[in-house]
Protein chains: 2
Amino acid sequence: MEAAAAVESSATVSAFEVSKRPDTAKLVLNSPGPPGLREELAAVVGKAFRPRASGGGGRAAPRCAWVLTALQCVFPVLQWGRSYTLKSFRSDVMAGLTLASLGIPQSIGYANLAKLDPQYGLYTSVVPPLIYAVMGTSREIAIGPVAVVSLLLSSMIQNIVDPAADPATYRSLVFTVTFLAGVFQVSFGLFRLGFLVDFLSHAAIVGFMAGAAIVIGLQQLKGLLGLSHFTNSTDIVSVIKAVCSALHDPWHPGNFFIGCSFLIFILAMRFIGRRYKKLFWLSAIAPLISVILSTAAVYATRADKHGVKIIQKVHAGVNPSSVKQIHLNGPHTAECAKIAIVCAVIALTEAIAVGRSFASIRGYKLDGNKEMLAMGFSNVAGSLSSCYVATGSFSRTAVNFSAGARSTMSNIIMSITVFITLELFMKFLYYTPMAVLASIILSALPGLIDIKEACNIWKVDKMDFLTCLGAFVGVLFGSVEIGLAVAIAISFAKIIIHSLRPQVEILGRLQGTNIFCSIRQYPVACRTPTVLTIRIDTSFMCFINATFIKERIINWVREEVEASDGKARERIQAVVLDMSSVVNIDTSGLTALEEIHKELASLGIQMAIAGPGWNAVQKMKVSPVVDRVGEDWIFLTVGEAVEACLSAHKGTALEC
Amino acid sequence: MEAAAAVESSATVSAFEVSKRPDTAKLVLNSPGPPGLREELAAVVGKAFRPRASGGGGRAAPRCAWVLTALQCVFPVLQWGRSYTLKSFRSDVMAGLTLASLGIPQSIGYANLAKLDPQYGLYTSVVPPLIYAVMGTSREIAIGPVAVVSLLLSSMIQNIVDPAADPATYRSLVFTVTFLAGVFQVSFGLFRLGFLVDFLSHAAIVGFMAGAAIVIGLQQLKGLLGLSHFTNSTDIVSVIKAVCSALHDPWHPGNFFIGCSFLIFILAMRFIGRRYKKLFWLSAIAPLISVILSTAAVYATRADKHGVKIIQKVHAGVNPSSVKQIHLNGPHTAECAKIAIVCAVIALTEAIAVGRSFASIRGYKLDGNKEMLAMGFSNVAGSLSSCYVATGSFSRTAVNFSAGARSTMSNIIMSITVFITLELFMKFLYYTPMAVLASIILSALPGLIDIKEACNIWKVDKMDFLTCLGAFVGVLFGSVEIGLAVAIAISFAKIIIHSLRPQVEILGRLQGTNIFCSIRQYPVACRTPTVLTIRIDTSFMCFINATFIKERIINWVREEVEASDGKARERIQAVVLDMSSVVNIDTSGLTALEEIHKELASLGIQMAIAGPGWNAVQKMKVSPVVDRVGEDWIFLTVGEAVEACLSAHKGTALEC
């Protein structure tokens, strides 16, 4: 059977005289081999570890210069520090102080969200910003605790141990997770795994952030209503149930009154700050003012005796060491590592998204791998000094930028300010009402919900919107991890589905030109008689789509042959496969090509291939495909292939 | 900042006069919208449930004809049965008898491999072939138990219950798994999930089959050496350990002698059958002869008294009902469902691979979805009548084909023959030595190990070889499931990596033509001065690769600009992005395009886009990309875009 088919095929080839083969067609099979896996890896590694020569004399640079370059690479402060001016310093001091006035109340609130005592939030605003200041490449980013990571941390760790019942173990787990997250971030940076941050698509982040913001908002109902008992679950159903059951118990409207009035105050200040750009500092210091005013009011009226919940647990002094609280071979280390990797990726995603957007405004480029190193070392150092996972916060970075920060020096100023606060003013926080912390967190949430962007995504790409919606619904009704898992699963499913069902298009010629394009996309294009031109629109013809492509092509050819039954003149004589989009092919793809050729040969139809990609053509040369199809039937462009087929057919027709 | 960049960008645009814009360029933005998700789904569903009109008058066909078409669609026997001749029947009877002579000993051996009593193998050769005969579309496939599925079934179910300790529960689990596997197969067919079979790439199957063959071979050491105690694990390390420790106990060389001599006999017969095509039946009946001879010899010499292990447990009579043994709400149903889905996919993969290869020799097309339905119903019916998972066997299908089978009638003949055997000859199996069963299974294994194909895969595609090796090593050193998981993971990782790091190529013009191609692939191509032409070689520009593509392009442009520093004449004036391979794009990809445009505008470079794919161009129209880049700078082909950029630049140069 096979032998018969082969004979028939060779008969077809000889009937089609290779008449007008252009010179360019020879190029396809004679191109040099593409770089192998080894060369490509070597190039990547070489690029990664070669220090970038700055300026002209990079090549002949002496050893000490090389060391300096390497040091500057790891500590960008050495680079910008040289040209740092007093004027910049003045701007940075102003920005740093503004940042601190926003950062201190936010940090206390986020510590509460992370189910830690308030001082841990402040600790986290001391050490990581200092480390980031000497290692980071972004000039605007403000480092410290953020809402989403705080939520993530508490919601995942409380599945292992209850923070209310055993706060010491809970803290030790938090520091272990922070340490591991830092280690993961450092290794992402070292092994140049920056692409991991891209695994969360923009759409997924939009949905995830919106869901997380609502969940965080719901958690604040506890503080806002002054409830003592609350659910540990984060999903909307549990929280609403918990609130409903708590409202049956007696509750104190004082909390609610304080929370709402200061929330309105902060939002009003922000509105004014947005309206009059010069007054933006109003929005930055509003939270601090709220804390001071509410604390003073509670202290003056002794409202805590009348049911207003206050912080109470305060602890003055700077960061204590937490080295002994990190347990790397405890019973929960595997779970901690899982939590750490999620926190590491989320923290990096937020920081890099924030950093990139501000870098793009200022017109410089952020080095993702260096950012990862800086973040990682910040967190490792933080975990040793009682900090939890820190990252770049969107709201504080925006304030830092608006306040005119010129360099990471503003982070240092903020860190020093928080340090002084920890030393001197902690005891004043005793009377700060919990409701004000809730209102500060609530006021930061609208920035996380980007309805406009979600509408945009819906308008442009329905599948992307599905990812966004999946993340949102997953976070809201499941948990933070479920939301993330759903978003990543949908995103990857999208890529697989795209590979699974590639477009296969029939091409036509634009009249009067040599341009071939899809007749569905460009209905003015005319199909060439007797030659069927098909474009395979996938960059990787592989096991997952080879059968689909093969069957689609064979079905079309059969339909065409049946349609022209009897009318010999209209019968298809040749099929041209435009493989210019096919960059790579695997063994299943090659087998599919062989089978298409065999099928076409059995119908007496010539097959030609146009412009296969570099890797694809090399593999076709090694496999039997080129021999089967014939070297003469592989062309550089569709136009040449169609011309050759047409003139060959004309030759045959004349012979007949 | 942003405003300044926008102003600069618009300045660049006005400096470049749009002088020579070809008419074809207008087509790009005026093409009709691509079919939406809804239309595409409707088309797929419509195609699936529309009965194919055979011949001319399909449209106006009356209702009864439609019913007949539908029936013929489900039962292909109604189609080929009409033109079935006596001559074909005679061929089928011969083929069926040959098949039975091979199938009976194989079935008993495979039942042993599945850790079931011998009669269950025979039962499985009665019912499923009958069902398949009326529903299947392949004419050559021989249905029954196969080695890999038997191994898979026993190795996975024995993790739940030990077949030696509790054979009744084990059997009940086997039937439950078989029932569920059938249900899964039917639903794959109904929902047209034929592509699931493609998830196991050819390379993965080659590696998996080779690994499974070695594992099955190792399992036969128990029978061949006549061991009483043996490991339940299938990995090579455990088996070698078990054999070593068993050899310390007294063992009976009689078993080994019987096994080896009949193995040599069967292999010799096969060699003769291959050498002289007319004697192929020798290889087909060799196993049956071995069984008869060895049984007679053992009976005559009473060798079972001297340590030769014999089957002993035989049970005459046809398939009993096993309806009551299927437990769909038992404690192990979830595990059974997991095992069933693996078995269903593996069984289908093997059957469809076998069916397709023989269909392609005979020159007809196998309908994957109908095959799934037929297999599924065979297994559902089988599970109700004491059969375990059946599928198309490669060795028996080859014998069926060589014996001249014309239709599925040969399956019916085989089934009847096995039925008669069950009724009349079962008691003779009492004295059959286990070693002969082992030698029959061993003799079938070399067909599963395709070293030549593995070499071919290595030659053509190293990544595919990695999949193959992963499956092989996974099966050999882990377990059958681990091997499968490794193979699928590597295959999908390949697709993700391919999307993650697409090629981005600088294009050059072939002298004297209007053909642009990669200067790496075709070093004769010359770069156009002042215009940088870049092709994005991915069919889906999405979140996973958008940042990479953007950074690669911006880095190139920056390098070029730095290299031409000072020499205004050589400076790049425009960048043309060839997006003809980009079929689809998501919001991240669109953002990347916007950012590339912004960056280029800030460098005073014009950006042009050539030939974006259908979905991509629609999304670009909806998003701000087209507005930012400018409608005038979107072209159909690279040639047109480059010409326009060059002439625009010439205009500017003259003005200066």
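**View 1. Helix α11 of chain B is mostly covered.** In α11(B), 15 of the 18 residues are buried (buried: 20 or more other C-beta atoms within 10 Å of the residue's own; exposed: 12 or fewer; partly exposed: in between; C-beta atoms placed from the backbone). The helix runs over residues 202–219 of chain B. Helices (H or I, at least four residues) and strands (E, at least two) are DSSP runs, numbered from the N terminus. From first C-alpha to last, α11(B) reaches 25 Å, close to the 26 Å expected at 1.5 Å a residue (expected span: 1.5 Å times one less than the number of residues). This is a predicted model: local features need pLDDT of at least 70, side-chain atom pairs count only at pLDDT 80 or more, and totals for chains, interfaces and linings use all residues. Residues are numbered from 1 along each chain as its sequence is written, while chains are lettered from A and ligands numbered from 1 in the order in which they are written.

**View 2. Chain A meets chain B.** Here 66 residues of chain A contact 64 residues of chain B (contact: C-beta atoms, placed from the backbone, within 7 Å). Helix α23 (residues 480–500) of chain A gives the largest share of chain A's side, seven residues. By class, that side has 30 nonpolar, 25 polar and eleven charged residues (nonpolar: Ala, Val, Leu, Ile, Met, Phe, Trp, Tyr, Cys and Pro; charged: Asp, Glu, Lys and Arg; polar: the others, Gly among them).

View 3. The same surface serves both copies, as 97% of the contact residues of chain A recur in chain B.

**View 4. Helices α6 and α20 of chain B pack together.** Helix α6 (residues 86–113) and helix α20 (residues 434–444) of chain B pack at about 100 degrees, with axes 9 Å apart. Axes are lines fitted to C-alpha atoms, for helices over the stretch in contact, and angles run from 0 to 180 degrees between N-to-C directions. So α6(B) is roughly perpendicular to α20(B) (under 35 degrees: roughly parallel; over 145: roughly antiparallel; 65 to 115: roughly perpendicular; the rest: oblique). On α6(B), the residues in contact include B:P105, B:I108 and B:L113. Their partners on α20(B) are B:L437, B:I440, B:I441 and B:A444. The contact counts seven nonpolar, three polar and no charged residues.

**View 5. Helices α9 and α16 of chain B run side by side.** The axes of α9 (residues 147–157) and α16 (residues 333–362) of chain B come within 10 Å and cross at roughly 170 degrees. The two are therefore roughly antiparallel. Among the residues in contact are B:V148, B:L152 and B:M156 of α9(B), and B:I339, B:C343 and B:E350 of α16(B). By class, eleven residues are nonpolar, none polar and one charged.

**View 6. B:T533 sits in strand β5 of chain B.** The strand spans residues 531–537. B:T533 counts as buried because 28 C-beta neighbours lie inside 10 Å. Beyond four places in sequence, its contacts include B:I506, B:F516, B:D578 and B:V642.

**View 7. A:I609 sits in strand β9 of chain A.** That strand covers residues 606–610. A:I609 is buried, with 26 other C-beta atoms within 10 Å. Not counting residues up to four places away, A:I609 touches A:L577, A:M579, A:V629, A:W633 and A:I634.

Conventions. Contact = placed C-beta atoms within 7 Å.
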